[in-house]
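Please go through this model with the notes below. They take up a sheet, an interface and a ligand site in turn.

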Amino acid sequence: MSFYNTLEQFDHFDFSSFFNSVSDDRVRDCLTKEYLNAYDFLTLLSPKAGNHLEMIAKVAQKKTIQYFGKTIQLFAPLYISNYCTNKCIYCGFNHANVIDRRKLTIEEIEKEAKAISSRGIQHILLLTGESRQATPMEYLLEAVKCLKHYFASVSIEIFPLECHEYVLLQQAGVDGLTLFQEVYDKVIYDKVHLAGKKKDYHYRLDAPERGAMAGFRNVNIGALLGLGEMRSEFFFTGLHARYLDDKYLDTEVAVSLPRFNPAECDFHPEFPVNDKTFVQFLLAFRLFFPRAGITVSTRENAYMRDHLIHLGATRFSAGVSTSVGGYAQHQDQSTPQFEITDGRSVEEVVSAISSNGYQPVYKDWDRAI
Amino acid sequence: MNDEGLRLGDTTFTNRLFTGTGKFASNEIIPEMLETSGSQMITVALRRIDMQSVTDNILQYIPDGVTLLPNTSGARTAEQAIRVARIAREAGCGKFIKIEVITDAKYLMPDNHETLRATETLAKDGFVVLPYVLPDLPLAKRLENAGAAAIMPLGAPIGTNRGLETKPLIAMLIENSAVPVIVDAGIGFPSQAAAAMEMGADAVLVNTAIATAEDPVAMGHAFSLAVQAGRAAYLAEAAGQSVVARASSPLTGFLD
Amino acid sequence: MLLRVNGDSQTTAATTLEELIQEIGLKTESLVVEHNEHIIRQELWAKTRLQDQDQVELLSFVGGG
Ligand code: SF4
């Protein structure tokens, strides 16, 4: 069994006639239910539900507070390599791009770790491009070992691995796996991933599940919104999250809603997601899966993020650099993977969270305990 | 959030537990119970004298400073209730009146219709009217318009100790009433009183559960604590909600 | 003279409310007296004369919820 079996059931599903059949009453029904099924979730993703955002927001806020309290967990991403063998047409690290390729040495990683942890950050997300040659297992394990000295929790966002490899990383101290399918639509998937190991749709689709089997405490999934028809894409993200949650009781599932920022990106997505739709998706997911984490990165600007605090976000990156070696060295920054639009420092993000009446949480988990 | 007390007529009650004088093993317990519970309002009933035996004067057990709430128990029509109310006022019991009209001897359900009629007259007459009713939102609105000072919905039939059986209906009253909601009847345990206060009731009236406890004095104290706890919980929640309202009036307004 | 006292017929020699109350032997301090549907305060009991077929209600406050 794979999540693919669930996906297949929707191969011939007519999303647009489903959306056309959604009534205001049907939307309202979903707001009072304790447990939402897949079709309730889809109802909340419908254009019709977009007319009821405020009502949905009230419920989403209540559920979020019920499950998470008024807290926002903080983490920082750390890019240690931008070598990549894939050609994803939407990404700055794409193999075909002529950019300055860098990979940090363990000493450099340590410098970055010092710089980040000195700002109070306790949860780190280790990122690489996707290149087994440039960043082999031994290197990754070394990097994790180094980061464990500086952070309470280490997560990874790297190329998909075999289950036994995830086990090694888990044993080395990795708590969380972040891995985005990017796009659930197979045809589009094939079109935007021109070359490299990433062309293997199924290998990627099952990777979060391999991570859950390997025993990671958190698995964070997502679709890069804009690549495929957005409502169905986010619908599948939600189903994927629930699939993992149902099957792996000891894994905490979280989602991200990364989207293209049209102003900052050379790539023009076919299905751009505007702010209102973005918020609708986030709210719908909160109702569908009240216990799940929702990670909001600095792809979203400060204005959006400050408002999302009240609507269901639970995890923010803060004081972010998305280029390799971006924290310790100030000159000579390499190309970022994506442009960040919330450039505030950790302190500024923390004070924004506090002034919104929420508590910023630096550390919500420590393996040592 | 500070509790400013419950205002009924010209009187402010800082203690939100109202008590009753019925069913005590000995009336001598009443002043002590009032002391430990801190209750500031207590019900009394008016009856024809029993010529055969010496009747105890219940009023002598109620200290000054505790407001008397005569009830109209025994009345089966609005007219009878009105008469009892007037007699009570003439007899020096003050302006408060709990209208209790019961035509159903089996379940002792209040007769909402007669109660509304009595309320209309007595409110005009200058009484502080507290009608005891089966929770019914449209009726509550009518009582409000007729000048009721509060609505007293029952939690469960009188004396049953079954608690908040009418909870969802009472919740509607709390959400929509302009006047205070005082849960009366059916509350058998402090936890039920706390639950009523926690959901936003303005006060509870407890008689049987205190009067018939092994130790009514201690039970009065227990109820008082429960009412305070429930009220504090309600206010804590309300404070949280007001922060939200201040921070972001409509949650999605920022998208416009 | 025949009165209705608390709903029952009662023959009495009393000519005022006060005499009636003494005749029945009631403690007075908690008594509420209604004479032909009018409340009569204690000061006026002696002055209130009774007539045949008058209705008298003798009430008092008791315990109640
Ligand atoms: S998205 Fe990932 S795999 Fe694709 S080019 Fe960028 S770094 Fe490489």
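Strands S6(B) and S7(B), the latter spanning residues 128-133, run parallel and are joined by four bridges. Strands here are DSSP E runs of at least two residues, helices are H or I runs of at least four, and both are numbered from the N terminus. Two strands pair if DSSP finds at least two bridges between them. One bridge links Phe96(B) to Val128(B) in S7(B). The open sheet has three strands in the order S6-S7-S8 of chain B, with parallel pairing. Its edge strands are S6(B) (96-99) and S8(B) (152-153), each pairing on one side only.

This is a predicted model, in which local features need pLDDT of at least 70, side-chain atom pairs count only at pLDDT 80 or more, and totals for chains, interfaces and linings use all residues. Residues are numbered from 1 along each chain as its sequence is written, chains are lettered from A and ligands numbered from 1 in the order written, and side-chain values use heavy atoms, without hydrogens and water.

**Chain B against chain C**

Contact means heavy atoms within 4.5 Å. The interface draws 28 residues from chain B and 21 residues from chain C. The buried area is about 2,100 Å², with 63% from carbon and sulfur atoms. That area is the accessible area (1.4 Å probe) lost on putting the two parts together, summed over both. On the chain B side, Arg48(B), Ile49(B) and Met51(B) lose the most, together 30% of what that side buries.

| Feature between chains B and C | Value |
|---|---|
| Buried area | about 2,100 Å² |
| Salt bridges | two |
| Residue pairs in polar contact (both at pLDDT 80 or more) | eight |

A salt bridge puts a side-chain nitrogen of Lys or Arg within 4 Å of a carboxyl oxygen of Asp or Glu. A polar contact is a pair of N or O atoms within 3.5 Å; within protein, one must be able to donate a hydrogen and the other to accept it, and residues adjacent in sequence count only if both atoms are side-chain atoms.

Which residue does Arg48(B) meet in a salt bridge? The partner is Glu57(C), at 2.7 Å, N to O. Arg48(B) also stands opposite Leu59(C) in S5(C).

**Ligand site**

The ligand's shell includes Cys84(A), Cys88(A), Cys91(A) and Lys198(A). Shell residues have a heavy atom within 4 Å of the ligand.
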